[in-house]
Amino acid sequence: NPALDENTLPGAIKDQEILIVRSTKVPAAVIDAGNALKLIIRAGAGTNTIDVKHAAEKNVAVCNCPGTNSIAVAELAMGLLLALDRRIYHNTSDLRHGVWNKSEYGKARGLFGRTLGIIGLGHIGREVAKRAEAFGMKLAAYDPFAKDETFAQLRAQRFTDIYALAEQ
């Protein structure tokens, strides 16, 4: 039940063995309320919303599902890049107010040939890189943990300094 939150969750999980959450916070009080709780699954990449230490103390396993929403997040990132370049929000807002300024909103620079800086080449970063390449963008990336072969596969210029990447 995604409508449950950290305040209403304790009453709902009393006899449940498994708790699956997305962004719902799972503090110690929620874990303590789960009499039969054995596993907490975060349907997403991180576990930062779960009191992992307290779960371990209560012998409750915690796991996550990295990569499951990577494509959706990458598509959203590309959509936002297009929206920024094409000023879709401003165009739509003006149109709703009866203004159609074609000459102004036709001045987009486009994504083709532009350089996209990606911080982190995990599941999401790699998916963004694939889509950006399809738009004809040049790739620059920072990830101190990624191997050289990952940068090569993505045809991304490697930056070892995050500030240098931002400058580029």
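This is a guided tour of a predicted model, stop by stop, for use with the viewer open.

**Whole chain**

Start with everything shown as a cartoon. The protein chain holds nine helices and six strands. Now switch to the C-alpha trace. Along its principal axes, the trace spans about 65 × 50 × 25 Å. The radius of gyration of the protein chain is 22 Å, whereas a compact globule of 168 residues would have one near 15 Å.

Of the 168 residues, 29% count as buried. For contacts with a separation of 6 or more, residues 24 or more positions apart account for 32%.

**Stop 1: His 54**

Select His 54. You are in helix 3, which covers residues 52–57. Is His 54 buried or exposed? His 54 counts as buried, because its relative accessibility is 15% and the cut-off for buried is under 20%. Show what surrounds the side chain. Setting aside residues up to four places away in sequence, His 54 touches Ala 28, Ile 31 and Asp 32.

**Stop 2: Asn 59**

Check the backbone here. Asn 59 is not a glycine, yet its phi is positive, at about 60 degrees. Asn 59 counts as exposed, with 71% relative accessibility.

**Stop 3: Cys 63 and Cys 65**

Select both cysteines and show their sulfur atoms. How far is the sulfur of Cys 63 from the closest cysteine sulfur? The distance is 5.9 Å, to the sulfur in Cys 65, and that is too far for a bond. The cut-off for a disulfide is 2.5 Å between the sulfur atoms. Cys 65 is in no disulfide either; its nearest cysteine sulfur is that of Cys 63. The disulfide count comes to zero.

Now colour the pair by accessibility. Cys 63 is partly exposed, at 31% relative accessible area. Cys 65 also counts as partly exposed, at 25%.

**Stop 4: Ser 70**

Go on to Ser 70, in helix 4, which runs over residues 70–86. Ser 70 is buried, with a relative accessible area of 4%. What does Ser 70 touch, not counting residues up to four places away in sequence? The answer is His 123, Ile 124 and Glu 127. Show those side chains with Ser 70.

Leu 9 and Ser 70 are 61 residues apart along the chain, and their C-alpha atoms are separated by 27 Å.

**Stop 5: Asn 91**

Next, select Asn 91 in helix 5. Helix 5 covers 88–96. Asn 91 counts as buried, at 16% relative accessibility. Leave aside its neighbours within four places in sequence, and Asn 91 is in contact with Trp 100 and Tyr 105.

**Stop 6: Val 99**

Step to Val 99. You are now in the loop between helix 5 and helix 6, with helix 6 at 102–105. Val 99 is partly exposed, and its relative accessible area is 38%. Draw a line from here back to Cys 63.

**Stop 7: Arg 155**

Jump to Arg 155. It lies in the loop between helix 8 (148–154) and strand 6 (156–159). At 59% relative accessibility, Arg 155 counts as exposed.

**Stop 8: a nonpolar surface patch**

Finish with the surface on. Select Ile 119, Ile 162 and Tyr 163. These residues form a nonpolar patch on the surface. Together they have about 350 Å² of accessible area. Zoom in on Ile 162, which is found in helix 9, residues 162–167. How exposed is Ile 162, and what is its relative accessible area? Ile 162 is partly exposed, with a value of 30%.

- His 54 with Ala 28, Ile 31 and Asp 32, which it touches.
- Ser 70 with His 123, Ile 124 and Glu 127, which it touches.
- Asn 91 with Trp 100 and Tyr 105, its contacts beyond four places in sequence.
- Cys 63 and Cys 65, with sulfurs 5.9 Å apart.
- Ile 119, Ile 162 and Tyr 163, the nonpolar patch.

Terms used: Residues numbered from 1 in each chain as written. Predicted model: local features only at pLDDT ≥ 70, side-chain atom pairs only at ≥ 80, totals over all residues. Heavy atoms only, no water. Helix = DSSP H or I, 4+ residues; strand = E, 2+ residues; numbered from the N terminus. Buried < 20%, exposed > 50% of the residue type's maximum accessible area, 1.4 Å probe, protein only. Contact = heavy atoms within 4.5 Å. Patch = residues over 30% accessible without salt bridge, like charges linked within 9 Å, V, L, I, M, F, W, Y side chains within 5 Å. Areas by Shrake-Rupley, 256 points an atom, 1.4 Å probe, with all protein chains shown as cover. Salt bridge = Lys/Arg side-chain N within 4 Å of Asp/Glu carboxyl O. Rg over C-alpha atoms; globule rule 2.2 N^0.38 Å.
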